[in-house]
Amino acid sequence: MKQTGFIYGGDYNPEQWLDTPEILKQDIEYMKAAHINEVTLGVFSWSALEPQEGVYEFKWLRNIIDNLYENGISVILSTPSGARPKWLADSYPEVLRVNADRTNNLFGGRHNHCYTSPVYREAIYKIDRKLSEQFGNHPAVTIWHISNELGGDCHCPLCQKAFRQWIEKKYGTIEALNKAWNTAFWSHTYPSFEQVESPSPRGEQELHGLNLDWKRFVTDQTADFVSWEKKAIWEGGSELPVTINMMYDYKGLNYHKFKDLIDFASWDSYPTWHKEEEKETALDTALQHDFMRSILKKPFLLMESCPTATNWQSVSKLKRPGMLGAASLQAVAHGADSVQYFQIRQSRGASEKFHGAVIDHYGGMDTRVFEEVTGVGSQLLELSEIAGSTVRARAAILHDCESRWAMEDSQGPRNKDLHYMDVLKKIFHGLRKLGLDVDILDMEEELKGYDLVFAPMLYMFRCDIETKIRNFVAKGGTFVMTYWSGIVNENDLCHLGGTPHQLMEVFGLRSTELDALYEGERNSGKSTGAFFEKEKRYECRNFCNLIRTDSAETLLSFETDFYEGYPAFARNSYEKGKAYYICADFEESFYDDLCLKLVEEKGLLKVPFDIPEGVAVTSRENPLKKFLFIQNFRKDKFLVNLRNTEWKLLMGDDTGVIGQYGTAVYWTVNQEERA
Amino acid sequence: MKQTGFIYGGDYNPEQWLDTPEILKQDIEYMKAAHINEVTLGVFSWSALEPQEGVYEFKWLRNIIDNLYENGISVILSTPSGARPKWLADSYPEVLRVNADRTNNLFGGRHNHCYTSPVYREAIYKIDRKLSEQFGNHPAVTIWHISNELGGDCHCPLCQKAFRQWIEKKYGTIEALNKAWNTAFWSHTYPSFEQVESPSPRGEQELHGLNLDWKRFVTDQTADFVSWEKKAIWEGGSELPVTINMMYDYKGLNYHKFKDLIDFASWDSYPTWHKEEEKETALDTALQHDFMRSILKKPFLLMESCPTATNWQSVSKLKRPGMLGAASLQAVAHGADSVQYFQIRQSRGASEKFHGAVIDHYGGMDTRVFEEVTGVGSQLLELSEIAGSTVRARAAILHDCESRWAMEDSQGPRNKDLHYMDVLKKIFHGLRKLGLDVDILDMEEELKGYDLVFAPMLYMFRCDIETKIRNFVAKGGTFVMTYWSGIVNENDLCHLGGTPHQLMEVFGLRSTELDALYEGERNSGKSTGAFFEKEKRYECRNFCNLIRTDSAETLLSFETDFYEGYPAFARNSYEKGKAYYICADFEESFYDDLCLKLVEEKGLLKVPFDIPEGVAVTSRENPLKKFLFIQNFRKDKFLVNLRNTEWKLLMGDDTGVIGQYGTAVYWTVNQEERA
Amino acid sequence: MKQTGFIYGGDYNPEQWLDTPEILKQDIEYMKAAHINEVTLGVFSWSALEPQEGVYEFKWLRNIIDNLYENGISVILSTPSGARPKWLADSYPEVLRVNADRTNNLFGGRHNHCYTSPVYREAIYKIDRKLSEQFGNHPAVTIWHISNELGGDCHCPLCQKAFRQWIEKKYGTIEALNKAWNTAFWSHTYPSFEQVESPSPRGEQELHGLNLDWKRFVTDQTADFVSWEKKAIWEGGSELPVTINMMYDYKGLNYHKFKDLIDFASWDSYPTWHKEEEKETALDTALQHDFMRSILKKPFLLMESCPTATNWQSVSKLKRPGMLGAASLQAVAHGADSVQYFQIRQSRGASEKFHGAVIDHYGGMDTRVFEEVTGVGSQLLELSEIAGSTVRARAAILHDCESRWAMEDSQGPRNKDLHYMDVLKKIFHGLRKLGLDVDILDMEEELKGYDLVFAPMLYMFRCDIETKIRNFVAKGGTFVMTYWSGIVNENDLCHLGGTPHQLMEVFGLRSTELDALYEGERNSGKSTGAFFEKEKRYECRNFCNLIRTDSAETLLSFETDFYEGYPAFARNSYEKGKAYYICADFEESFYDDLCLKLVEEKGLLKVPFDIPEGVAVTSRENPLKKFLFIQNFRKDKFLVNLRNTEWKLLMGDDTGVIGQYGTAVYWTVNQEERA
């Protein structure tokens, strides 16, 4: 079933309603009324598909899929490994997880299984292969959705063994491991690989090299499990594309390691709209959309979102009228090719019974939520031609999962709070205010192709990022880095001889000391006039990095404490490019001013109007056209005037007025692609 | 030993002082000086009564009881199951509890035993029966006190088995259970009853139906244990009445399930007087007294209270002069037939050694506390004729333990805090300000006989409350219900087709959406003039319920947010009565104004003077007389003038002046009873 | 290697750098440049010294020590028991600890071994004896450092058995134990010693007598372990002096119980300079220095301190220029004979890789920190003659570890917070402001020799402190005690018959009730004019003690609450001395005024100038000279004028100016000693 335009649908759990066929029938009618063209089936259906070991019941699912197909609704089919049946846990307790404290889990919850267990792998292989055989070539089925919100770890003996093999493969000799982890400290030298155990609150938990490699192993083992499920599907005869649904700022896995395993990135987005000002929530969500899109640098799927309030946040607020449209189109604006909900019909019982859904317990079509869902469906139809188009960013921010793991685990200058994401968001905000599309990269990526790259707190240097940065600057790029960068190598061993490691020449300085500030403490940087206008000052907090400049020029200098007068922001010209070094955790306006100056300097400013706070401008393009999304997350109306420009209205008000939560979309011919 | 008048005494632990007979002798003298006529013996005496398995030592207790009897002091005798001896735990480890996380408890603490264990039941049977044989017909002994502050649960294999039998008995088939708990969600379908395990943080903890049934099972198993102890006493030859001592707002057990097992309700009251303003503490305590009294709708016992400061609160404040009297007489005013303390003589060591007592470590009679205790004794003698009289409430509030369990466990619109008890207290305050006596009912009770019934957040509908409410209104009653009512059935499955379930016609409306407000967010309801005076407005927070009215009339409407203008408070006339629906968590003055209007409308206002904040008016009655208690919990004096009324002074100042913490009691002939 | 002057050095871990001999060589050069004359070796070196069971490698250590010796650097040699090798834990799991919740630890962390285990004792005996044989008479080695920061407990079966033997030895009969612990409460009577188990969150945790004896046992068992290590060293042939390094306000051990085992007290000082005002931090640190010095009443060692920021505090701030000198000399001013750092060279990896060090990852000598370290080295050389001199305090404060254990474990009037150390610090501050040297004593000490002794919240009376206090006052001493004193005996059993136990005559009063105040509540004491000037008032909080005075004179009386007019501060003359009783937790100015009056009265004021807040004056003396340290912890300069006095400048500015963080040292001839 070839789909054109956007995927519009969401999770659908008919197995909860098999004894009420009238409801199943009504569901189809409702979906069609709301322009829904897709449902995701099979998430958590294992018990229904295999009620006893080896006893399969596919008929109900076949009926559902056939019926959907007949009604023009496609299916994303999920493997059921997100939660296992009770009988499996009872017959083979080894499939349940062992926690870091070495307690065995009982049956319950969702991801509560060992990824290593051969028994579990065998069981999932069988059901996945059967599913593939049964439905993998059904014309309704378009994509495989592997498991659900993968996450967590297991410390069972099987995982311990797998971990030991993993580190042996990595290090070769135990001496190399001892050196890499500096186990001589506290006399923790390992006599052999067999002696290594995973981190535990009851045992070793401050050996950072061990912690880091454990996290890497967990990612690799999870990825291996996904490969295993893909193998089962493949061997069942289906060659459809594959996705996994990822989560907001999830630190349990390095999602970048899955990029070779999936055909689409997809994620589940549950912002707490109306908790903060909408413009804040929108910015935060935009960052996640960009992170997800950057994994494969192609359109992603919004696999889950909520039609109204969730039920698991501390306060679950109704989405105000229009918010659903704004949130849905925001995903599209950032590169999504779908808008999907959890879930189509609200469950009657158990933990998510009060989670918002397209069809609620009342069950009528005459609800505010159903009307809004229908409205989004119409809008997506209007925008059909945009599906499949891409985002081309010329600015990027380095966000490396492994570096962040190491930095946040490490005991250092501020165990209380590093404010890492805050700094990253300030940079993102500075760029987005100017309407720039932004990629979020990890250190495995290449920097070429970008004009402007930021690296906030790039604590660890790995993948020879030193050389990539050096070359990037040498060839004319502008690179901006902050304090607490280039401190350790890939095993969290400190670099000797000065930092930022191997980039002191590029930045024209050496970092000498890092002062941590208590809550409430402030310092500030005052402009020398060489970059910002003279007398300009920016407040800073949390960190003040003392540096010794060599060839670098001081652009701001500290105003108080014993390092008054020391450089607080410096620039160095290196071959054809420029390298900026930020010494302190400055306030937002610093990043706003910095981004404006750099973006102007690099000629990246493209939007032909001023963008006020709370208005978001984003672009997508295909070989023929460029699309401009303008979204208004403010209270006040926003008037955009593009009459005498190349941009033509695709969706929105002719007058150029965009109301609260409103979206306008413009298009123009893609000259660049043609050229 | 037939007692007339009030029981006055408390917990007495002579087994801690057997080697100092001069102290035991002094105790009796002190009790008599303080007008104490009762002591509670045997709480935690198992080790002293049965120091080794099968070796009993009753002589010391016989001496104590004989001596008390000779001095005119009666005995409430406790079974010792509140804490078991070390030898029992060491010989039979199965008697110790297993926690929800499946760790086994070691010996220690108080309620640390399995209610299911046949070994524990056998052991307690033996000692209880012996106690009954030895003392169950002693003329000093008047009441049996089963165990002590029952509570907690056990997850051992024996309890798991008993739980499986319990659910099998309830559901009959595993299919019925799976449907009731909606286990299809997250694929948690149970293949058989044998596979069900109690909730656990290491396993299943979000299957609300399981959680709810586990709580019900724990109550039933605890009640069964009480029956078992009663059986031992009965078979030992004693037929004295029985009580259990309950606790403040305790959510571990559904106390209503014990009503057929006990002859008296009794409870342990430890308010933190002087932490809040006394009027707040008094209101809160009044609610608990009324809750306890409503269980059997007859006089209850104040089994424990503290003569001065406790030692286990975070700050243990001295009771100011007069406070002890006010607190003690408040219990009496709400229907208590006793005032009892923990404890008569302060322990020298272990965890409660600094808990206030009638006789302290110093040991003299010349203490402020002893003088106050003596004063209360005198007052109770003055009021003797009131003992045995009852409270007749015409207003009631529905507070259902099972509904609250389900609501508070459920993940819903505000996991942070539902403010359930706050709403209940605002209603209670509105009624009590007018001097109304109030019953606190669970859903198993009948509503007939009341004029006015409130149902705050009656999330679950069970016991066919729909019909009871419908009939109550149809026959002329006034019923007031709030948002978040009638949402689920007795297994926490959501009602389909609209809420409040089966009462949409009675209330003339349907609830469509429930908005949750963040801390700090506010809305308000503005009067339409149809009920409150025009322009009147009330602030609300936490919840705003969006409704669609049918026949209901809008009395207040929301003032802000997208539901500005929607009904915030509505009234429907249904047959002979009226049904009010409150859509938001309104401020206290809303409930004050509402109660006043409804009480006036129903003609329930009886007290012939205005009651200011901080003055509490309560009544009791017997077939001959009615009694009016007026208590002053304010700083300022209160002057009551009942000279030209039917009321005559029984206790208090002739002038009508009631000082801080003072109590006046009036009486009149009970015309209604005679009529 | 006989050292004169101060020890200057710190922890050095060459085993982390054995594969980089150039770094080891550089280390020596750097040490010499910084005037470092000592390093502490062997802390956490077990894996390097005994990489497999019974396989020893001492050569590397010999090379290091020889090389240090040749360069004039002495060695404090540590036994390696602070952390055991992985092979030991793997071969003999019994060496790992069992937690209070009875879970077994895995390998990891530092102090994670059973002090009782014969296997562990045997293993440590072997390595310690070998170390002693190899290095115990090496001319470079001067002191043995046993283990590292001893602490924690173990609940394994071996420890349970040892504990049972300990209590049997203490109590003789189980009846005596039951009486001492008042186990009749809650029916917890023990049938025999075999039935006793250590406290556990899964079992017994509120039996205060058990908790207290367990803490005592843990101290005794730890001390026994130290004895065992000393035995190994001794039997290896070395008779060098011994120390253990203690920790800031550590409550896990009663350090006073180690005084017969060690030749020097030493401790690890990590104040959070610049978090509070420096004068606050200085006062707090001064108290710890005095506590440590008072254990042996002779010079102690500052075994660890940080050259700049640590890495394990929630915020790790750089030490501002000069702060290192001020902190280092403060230790000397309070009686230290060393200044030592953790560590000489910063580790490359693992948990303390970012802990400040003399030589950092950069590795150059041209760092701010290295320059400051070198400056401190110079100052210590200037002050050489002071090393070995002592402090002679005429005022003392009673701080008894066992009393504090009992008081803080006990459930009493304020479980929230007793503010014990706050009160102790207010007294300490009052005395230190006047330049008085202060000893911090436990109850085993004698009081004679002091003029003025304070006892804040001396909850427990043990070691016949009643008699000591009585005699002290009788013979002319001034004794000041607060509320919550003399409440229990050494087993935490309450004293009967009135408190303060056996001292009611000495203080001329009896304590009747103790009121606890909520946060925010205040009372005040108003002067009667008999001591402080009339109309003077002091605010109080937390506690108000109601007393009945007999012969005592009221000096302050309460101003509010029902005890308005009751005594709040009282004085009694008893034979030749005076006993003061403080009834409430008064503000700091009360203690300032009180100390001033008492110090003047006793003629203890010796410093010939006024000491402003933030300036600290301390003295040391030897038979020939007295030394006066004046340290400025304020922002402003301080000018001291001692020109026309007996005092001569030893270090500092001729002008008498002492800048921020500056120190001046003066000397004079010790007349007293000569007389």
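Here are some questions and answers on this predicted model.

Q: Which residue in β15(A) is the bridge partner of Ala516(A)?
A: Let's begin with the strands. Strand β13 (residues 509-516) of chain A runs antiparallel to strand β15 (residues 537-549) of chain A, and seven bridges join the two. Within β15(A), the residue that partners Ala516(A) is Phe543(A).

Q: How many bridges pair β15(A) with strand β19 (residues 584-586) of chain A?
A: One of the bridges links Cys544(A) to Ala584(A) in β19(A). The two strands pair in the antiparallel sense, and the number of bridges is three.

Q: Are helices α9(A) and α10(A) roughly parallel or roughly antiparallel to each other?
A: Helix α9 (residues 278-296) and helix α10 (residues 323-333) of chain A pack with their axes 10 Å apart, at an angle of about 30 degrees. Angles under 35 degrees count as roughly parallel. The two helices, α9(A) and α10(A), are therefore roughly parallel.

Q: Which residues of α10(A) make the contact with α9(A)?
A: The crossing of α9(A) past α10(A) is right-handed. On the α9(A) side, the contact uses Glu278(A), Ala282(A), Thr285(A), Ala286(A) and His289(A); on the α10(A) side, it uses Met323(A), Gln330(A) and Ala331(A).

Q: Why is the pair of Phe507(A) and Tyr581(A) classed as it is?
A: The structure holds 126 aromatic pairs over all chains. For Phe507(A) and Tyr581(A), the ring centres are 5.9 Å apart and the planes are at 75 degrees. Planes over 60 degrees apart count as edge-to-face. The pair of Phe507(A) and Tyr581(A) is therefore edge-to-face.

Q: Which strands are the edge strands of the open sheet in chain B?
A: This sheet has eight strands with parallel pairing, in the order β7-β6-β5-β4-β3-β2-β1-β8. Each edge strand pairs on one side only, and the two are β7 (301-304) and β8 (338-342) of chain B.

Q: Which residue in β3(B) does Thr40(B) stand opposite?
A: Strand β2 (residues 38-41) and strand β3 (residues 74-78) of chain B run parallel, joined by four bridges. In β3(B), the residue opposite Thr40(B) is Ile76(B).

Note on methods:
Residues are numbered from 1 along each chain as its sequence is written. Chains are lettered from A and ligands numbered from 1 in the order in which they are written. This is a predicted model: local features need pLDDT of at least 70, side-chain atom pairs count only at pLDDT 80 or more; totals for chains, interfaces and linings use all residues. Side-chain values use heavy atoms; hydrogens and water are left out. Two strands pair if DSSP finds at least two bridges between them. Axes are lines fitted to C-alpha atoms, for helices over the stretch in contact, and angles run from 0 to 180 degrees between N-to-C directions. Angles under 35 degrees count as roughly parallel, over 145 as roughly antiparallel, 65 to 115 as roughly perpendicular and the rest as oblique. A crossing is left-handed if the near helix is turned anticlockwise from the far one by less than a right angle, and right-handed if clockwise. Contact means heavy atoms within 4.5 Å. Rings of Phe, Tyr and Trp (its six-membered ring) pair if their centres lie within 6.5 Å; planes under 30 degrees apart count as stacked, over 60 as edge-to-face and the rest as tilted.
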